[in-house]
Amino acid sequence: MSSEVDSLVLGDVVSLVRGTTYKSALLGRPGPVLLGLASIQRNGGFRSDSLKTYGGESKGKLLLKPGDLFVSLKDVTQSADLLGAIARVPPSVSCGRLTQDTVRLDFNRGSYPGNLVYWVLRTPQFRSHCREHATGTTNLGLSRDDFLAFPLPPSNDSALSLVEMLDALDDRIDNLRATNATLEAIAQAIFKSWFIDFDPVRAKMEGREPEGMDAETAALFPSEFEESELGLIPRGWDCGSISNLGGMSSGRRPPTRHQAPSDSAFVPVFGGSGVMAYTEEPLEREPLILTGRVGAIGTVHHITQECWPSDNTLLLKPAKWFEFALQHLRQVDFALITKGSTQPMITQTDLKSSPIIMPPDRLVASYESLVLPIRQKIVNVNKECECLSSMRDHLLPRLICGKLRLAA
């Protein structure tokens, strides 16, 4: 390996193609998926939960295909978690479009592997480089020159073997997350059928046996509806509100914040859209349901670990039926209770008063017993994902420092 190759920097390997602005009125129309800040995970990786299509003009140089790499050179927060963060377009996105906040990496040196660049840009060394060179106060930026000046490790057998391992870990994590998405969809489908669409009640009204349940469970459903303040509901059911599901409170501003945990004693700080930092002491130790008060309004998380819910969240601690409460909160039309234009938000009072239909306890207990094994498998899969992610994060620094030597 020549010294010239050993001393490469990003600018020797890639050039940048910057995206452009778009018209918000054309969001959601048929077209390529927008690849902006919302499509990149904090500190790197593709994020698929907030994707939107764009039906406006998109020049060819702005479009990306599966496998292409794109980077954020901006961040709207002071944490700099998205500054310089890289993502790879997955096979599920057939066509993507850059925005004004992202750039595509075009490779101009065929001898240096693209997947090695991808993982180098996810190392803590590169993340530190981005934070050290951040400019701006309200919105952070990273200059092209500072981005392209980062040195690359040699493309040797050891580095490529480590990259292969990192790719395998990420593929496994993606597969596990897909499994959990399917399990979540099953739990939600059962809830919607029983408690929103009332399919078993309608089946009994038509003289049919309700599908997907035994006779004992079917007997818990009535065979007719009655009028209520919420319209037609199954006979014998009640009208209530989210407040009937358990106690609600607001999160609090964490006393200390860290960009990443230095050891296992640190617990995550949860914002409305998920983990945002880490702190030393947990505020909550019991399982809870968390939703965004500002920012990620309408995002609902099931939290099973010690954590610190931040002051931009609302917490629900179910009094009795955890899964039933979780699914009901996911059915709330948050648009109806969102206030404010400059900074949209929801209040604890408005969320607690959101109306719901309350079935008898015996029927809720039957739903809980049916879904509990599904929820437990989701929890177990999440734990496996955390273990694999920890393994990946432990390996990443070795990609640059060269302390890991893998056997051929």
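Just after helix α6, F198 adopts a positive phi of about 55° in this predicted model. Helix α6 itself spans residues 157-196 and comprises 40 residues. From its first C-alpha to its last it reaches 56 Å, close to the 58 Å expected at 1.5 Å a residue.

Helix α6 packs against helix α9 at an angle of about 80°, with the two axes 10 Å apart. The pair is therefore classed as roughly perpendicular. On the α6 side, the contact involves E184, A187, Q188, F191, F195 and I196; on the α9 side, E323, F324, Q327, H328, R330 and Q331 take part. Sorted by class, this contact contains five nonpolar, four polar and three charged residues.

Helix α9, which covers residues 322-331, also packs against helix α11, residues 361-395. Here the angle is about 90° and the axes lie 8 Å apart. Helices α9 and α11 are therefore roughly perpendicular to each other as well. From α9, the residues in contact are F322, E323, F324, L326, Q327 and R330, and these meet V364, Y367, E368, V371 and R375 of α11. The composition of this contact is six nonpolar, one polar and four charged residues.

Helix α11 has 35 residues, and the distance from its first C-alpha to its last is 49 Å, close to the 51 Å expected at 1.5 Å a residue.

In sequence, C387 and I173 are separated by 214 residues, whereas their C-alpha atoms are 9.7 Å apart in space.

Over the whole chain, 12 helices and 20 strands are assigned. The C-alpha atoms fill a box of roughly 80 × 50 × 45 Å along the principal axes. Of the 408 residues in the chain, 45% are buried. Among contacts with a separation of 6 or more, 72% are between residues 24 or more positions apart.

Notes:
Residues numbered from 1 in each chain as written. Predicted model: local features only at pLDDT ≥ 70, side-chain atom pairs only at ≥ 80, totals over all residues. Heavy atoms only, no water. Axes fitted to C-alpha atoms, helices over the stretch in contact; angles between N-to-C directions. Helix = DSSP H or I, 4+ residues; strand = E, 2+ residues; numbered from the N terminus. Parallel < 35°, antiparallel > 145°, perpendicular 65-115°, else oblique. Contact = heavy atoms within 4.5 Å. Nonpolar A, V, L, I, M, F, W, Y, C, P; charged D, E, K, R; others polar. Expected span 1.5 Å × (residues − 1). Buried < 20%, exposed > 50% of the residue type's maximum accessible area, 1.4 Å probe, protein only.
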